[in-house]
Amino acid sequence: MSVSLLLPMSAFALAASISPGPVNLVCLSSGTHYPIAKGLIFVTGATLGFLALFLATGAGLYSLLNALPLLEEILRWAGLLFLLYLSYQLFQHNGSVHNQDTDKPPGFMTGAMMQWLNPKAWLASAAGIGAYTSSNDPYQLWLFAALYLPICWLSLASWVYAGTFLKRYVHRPFILLTINRTLAAGLAASAIFLLFE
């Protein structure tokens, strides 16, 4: 395989991972409400969940979904409901930083499950695999996944750190409440957008 593909693969992985989407919004929210370590647990789950989806897509799962439209529709509605549920949870948070020990932050499994219900992750997998790998060379798929692992983790972690930055400089509950409501609306909008794709 040509080394010249490493840079385009990496650039694609970075663009797909760091651009705003449902998982990124949850990372940002996690950073504003919980210790960094809790947010990074979610990041790790989301990264490994995405890699599992990426490899499954490379193994032909995306073709299976195209052959079974009902399964694709079930996944779409499950993703919509899950994102609306997370949006509601975020909307309900009162903006207080003091109750972070009693609240349950999104964890490893939530991160992993979100990727499987996230159309952005499905599209990134299918588009990246289609553009940069060959079906007769599994090495390319594994190399792409190996590049994705640190890039995706660092990209999502940067959203957690951005949330932590916001929390550090915004101490008034009203402002955090406004951030919560804005993120909740963004998450709900990204869920509703699924209906029109």
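Axes here are lines fitted to C-alpha atoms, for helices over the stretch in contact, and angles run from 0 to 180 degrees between N-to-C directions. Helices are DSSP runs (H or I, at least four residues), numbered from the N terminus. This is a predicted model, in which local features need pLDDT of at least 70, side-chain atom pairs count only at pLDDT 80 or more, and totals for chains, interfaces and linings use all residues. Residues are numbered from 1 along each chain as its sequence is written, and side-chain values use heavy atoms, with hydrogens and water left out.

**Stop 1: helices 7 and 8**

Select residues 119-132, helix 7, and residues 138-169, helix 8; their axes come within 10 Å and cross at roughly 130 degrees. That angle makes helix 7 oblique to helix 8 (under 35 degrees counts as roughly parallel, over 145 as roughly antiparallel, 65 to 115 as roughly perpendicular, and the rest as oblique). Now show side chains: Ala124, Gly128, Ile129 and Tyr132 of helix 7 touch Gln140, Leu141, Phe144 and Tyr148 of helix 8, where contact means heavy atoms within 4.5 Å. Colour this contact by class and six residues come up nonpolar, two polar and none charged (Ala, Val, Leu, Ile, Met, Phe, Trp, Tyr, Cys and Pro count as nonpolar, Asp, Glu, Lys and Arg as charged, and the others, Gly among them, as polar).

**Stop 2: helix 2 against helix 3**

Next, select helix 3, residues 36-58, together with helix 2; the two pack at about 165 degrees, with axes 9 Å apart. Helix 2 and helix 3 are therefore roughly antiparallel. On helix 2, pick Val23, Val26, Cys27 and Ser30; on helix 3, their partners are Lys38, Gly39, Phe42, Val43 and Ala46. This contact of helix 2 with helix 3 has six nonpolar residues, two polar and one charged.

**Stop 3: helix 2 against helix 8**

Keep helix 2 and bring back helix 8: the angle is about 40 degrees and the axes are 6 Å apart. Residues of helix 2 in this contact include Cys27, Leu28 and His33, and those of helix 8 include Leu156, Trp159 and Lys167. The contact of helix 2 with helix 8 divides into eight nonpolar, six polar and one charged.

**Stop 4: the cavity**

Which residues lie nearest the centre of the largest cavity? Select Ala16, Ser17, Phe50, Gln115 and Lys120, which are among its 13 lining residues. On a 1 Å grid over the protein atoms alone, a cavity is a set of points where a 1.4 Å probe fits but cannot get out, and lining residues have an atom within 4 Å of a point. Helix 1 (6-18), helix 2 (22-33), helix 7 and helix 8 each give two or more residues to this lining. The lining has eight nonpolar residues, four polar and one charged.

Conventions. On a 1 Å grid over the protein atoms alone, a cavity is a set of points where a 1.4 Å probe fits but cannot get out, and a pocket is an open set with protein on both sides within 12 Å along at least five of seven lines; lining residues have an atom within 4 Å of a point.
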